[in-house]
Amino acid sequence: MKIQPRKRFGQHWLKDESILDRIIGAANLQSEDRVLEIGPGTGILTRRLLDGAQLVVAVEIDRDLWTILNKKFGQQDNFHLIPGDFLSLKPEQLPPVNKVVANIPYNITGPILEKLLGSIAHPFTPPYQSITLLVQKEVAERLVAVPSTKAYSALSLRIQYLADCQWICDVPRRAFSPPPRVDSAVIQLLPHVLPNNVSNAAFLSTLISWGFANRRKMLRNNLKNCLDSDRLSQILTQLEINPLARAEDLSLSQWIDLAEKLGQLPKF
């Protein structure tokens with residue numbers, strides 16, 4: 001039975017063997033690894049994962065693919081299919097896994113990242129050893145972005161707070177069937193020990209959101225609802241941050257320093 005990719009599930013199936021090689025190489029699978037794959041599709045990546053991992057837990061929302069996946073891999077002891085929506089799964093519904101390797105739907109990349117990593121205020125525990133994903137190139141650029149660049153954003157900070165972000169390779173549109181309208185990239189997230197100098201993670205997250213509310217404005221103007229501009233300029237100077245800086249100019253460590261300083265004020 002031939003299955004056509006469904007637009008509503010954001011399905012674009014990878015067909016380029018060289019890109020598969022790069023994904024598997026980056027995942028560095030060991031015989032004891034237990035891997036989560038989100039959206040296996042017709043199983044082209046799944047087959048490679050099964051060759052190297054102790055267990056592959058494949059979560060697929062498209063019921064038309066369940067029969068195909070079970071027919072291909074159902075006889076293999078290290079294949080476990082979970083029919084359903086990954087975003088709706090509760091932790092106890094997933095067997096223990098230590099790595100994630102997936103070509104994820106681009107239209108729900110943000111929610112998937114939060115499901116895998118958590119947030120600044122509520123990080124996922126315990127974290128995965130590594131998360132290797134094929135994502136839209138624009139999103140990949142934001143994940144690995146550094147301060148004072150166009151791609152640097154609140155998303156950059158939220159993910160980099162939780163994990164080291166590495167660019168693995170570009171993926172052209174022709175590597176998929178059907179080709180998406182955007183270019184793609186393979187990235188890898190390596191969850192790390194969280195910063196130990198954050199006393200109020202929820203406030204740090206909120207502060208970053210306030211700061212990036214309007215990228216064109218100086219930071220002191222974006223935060224004027226919580227502190228007058230002159231007082232904020234003084235604090236930025238104390239922290240050796242340019243008072244004329246915009247949100248995108250501050251590194252993660254500077255955002256942490258600013259949150260800690262503001263958090264000490266009586267009104268916070």
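Helix α6 (residues 154–162) is largely enclosed by the rest of the structure, because seven of its nine residues are buried, that is, under 20% relative accessible area with a 1.4 Å probe and protein chains only. Helices (H or I, at least four residues) and strands (E, at least two) are DSSP runs numbered from the N terminus. This is a predicted model, in which local features need pLDDT of at least 70, side-chain atom pairs count only at pLDDT 80 or more, and totals for chains, interfaces and linings use all residues. Residues are numbered from 1 along each chain as its sequence is written, and side-chain values use heavy atoms, leaving out hydrogens and water.

| Helix | Buried residues | Covering elements include |
|---|---|---|
| α6 (154–162) | Ala 154, Leu 155, Ser 156, Leu 157, Ile 159, Tyr 161, Leu 162 | α4 (109–117), α5 (137–143), β7, β9, α7 (201–211), α10 (252–263) |
| α1 (17–27) | Ile 19, Leu 20, Ile 23, Ile 24, Ala 26, Ala 27 | β1 (13–14), α2 (44–52), β5 (99–103), β6 (130–136), β7 (163–171), β9 (184–191) |

Asn 28, which follows α1, has a positive phi near 50°.

Lys 72 belongs to helix α3 (residues 63–73). Lys 72 is partly exposed, at 38% relative accessible area, the class between buried and exposed (over 50%). Beyond its neighbours within four places in sequence, Lys 72 contacts Thr 42 and Arg 47.

Note on methods
Contact = heavy atoms within 4.5 Å.
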